[in-house]
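Hello,

Here is the structure I said I would pass on. Please open it first, and then read the notes below with it on the screen.

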Amino acid sequence: KYQTADEDGTDPFSDATVPEAQLDTEFAKLLQRTTTDHTLSATQRRFTLRLLRTHRAAFSTSEQKVGKMSGPGVSFTMRNQRPIFIAPYPTSPLKSREILRQVEQLARDDVIGPTRSPYNFPLVLVDKGGGKAPRLAIDLRAFNQHLVPEYYPPPIVRDLLAALSTKKVFTVLDCSSAFQLVPLATDDDVIPSSERLCFTDP
């Protein structure tokens, strides 16, 4: 059995040791692949590369390098302390091999670790299309039913648009494996949050 990533105080970024020359090459390729409404001038291009280099630790050069957010681990408030155990779903040998391959990769990247938790949730493979490998996910519907909901006020759209009204260049950033970036609290309850989101590999 495995648990998802916990709060262990390790370096939150996995690309910190990549040589600057290699990063510059990756960032240059990134700019070439990026489509814009207008061509960047030489000055804008140098500025963008300098900005990327300054914040190099926030960027991943491959899907395997997911990093980890800094700060306190996320905790969950449950309606009761009764463990939830959902048996793994039946899978074909082909899917089982793919699940095991991705689980082993996550273990090597220190995203997950072994546990003896009484909680268990099924693993599923989600098709990403385009010939890409399927995404490994945990079916947490039973877990969500026992969560005490938390509410946050959404931002006001007109305020967001007003803040952008004087800007000319826009971009969109996508988090690589976003849910795997968030550490879980290890000492927040009788059963820590890091021991609740668990699964069993094939």
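**What was found**

Starting at the N terminus, the elements of the chain run β-α-α-α-β-β-β-α-α-β. That comes to 5 helices and 5 strands. Please keep in mind that this is a predicted model.

Some totals for the chain come next. It has 202 residues, and 24% of them are buried. Among contacts with a separation of 6 or more, 80% are between residues 24 or more positions apart.

**Helix 3**

Helix 3 covers residues 93-108, which is 16 residues. From its first C-alpha to its last it reaches 22 Å, close to the 22 Å expected at 1.5 Å a residue. Which residues of helix 3 are buried? They are Ser96, Glu98, Ile99, Gln102, Val103 and Leu106. The face of helix 3 turned away from the buried side carries the exposed residues Pro93, Leu94, Arg97 and Arg108. After helix 3 comes aspartate 110, which has a positive phi, near 60°.

**The aromatic rings**

The structure holds 2 aromatic pairs. In one of them, phenylalanine 76 and phenylalanine 143 sit edge-to-face, 5.3 Å centre to centre and with 85° between the planes. This pair links distant parts of the chain, 67 residues apart. Phenylalanine 76 is in the loop between helix 2 (42-54) and helix 3, while phenylalanine 143 is in helix 4 (residues 141-145).

Phenylalanine 121 lies in the loop between strand 2 (112-114) and strand 3 (123-126), and phenylalanine 143 in helix 4, so the pair ties together parts that are 22 residues apart in sequence. Both phenylalanine 121 and phenylalanine 143 are buried. Through these ring pairs, Phe76, Phe121 and Phe143 are linked into a cluster.

Regards

Note on methods
Residues are numbered from 1 along each chain as its sequence is written. This is a predicted model: local features need pLDDT of at least 70, side-chain atom pairs count only at pLDDT 80 or more; totals for chains, interfaces and linings use all residues. Side-chain values use heavy atoms; hydrogens and water are left out. Helices (H or I, at least four residues) and strands (E, at least two) are DSSP runs, numbered from the N terminus. The expected span of a helix is 1.5 Å times one less than its number of residues. Buried means under 20% relative accessible area, exposed over 50%, partly exposed in between (1.4 Å probe, protein chains only). Rings of Phe, Tyr and Trp (its six-membered ring) pair if their centres lie within 6.5 Å; planes under 30 degrees apart count as stacked, over 60 as edge-to-face and the rest as tilted. Contact means heavy atoms within 4.5 Å.
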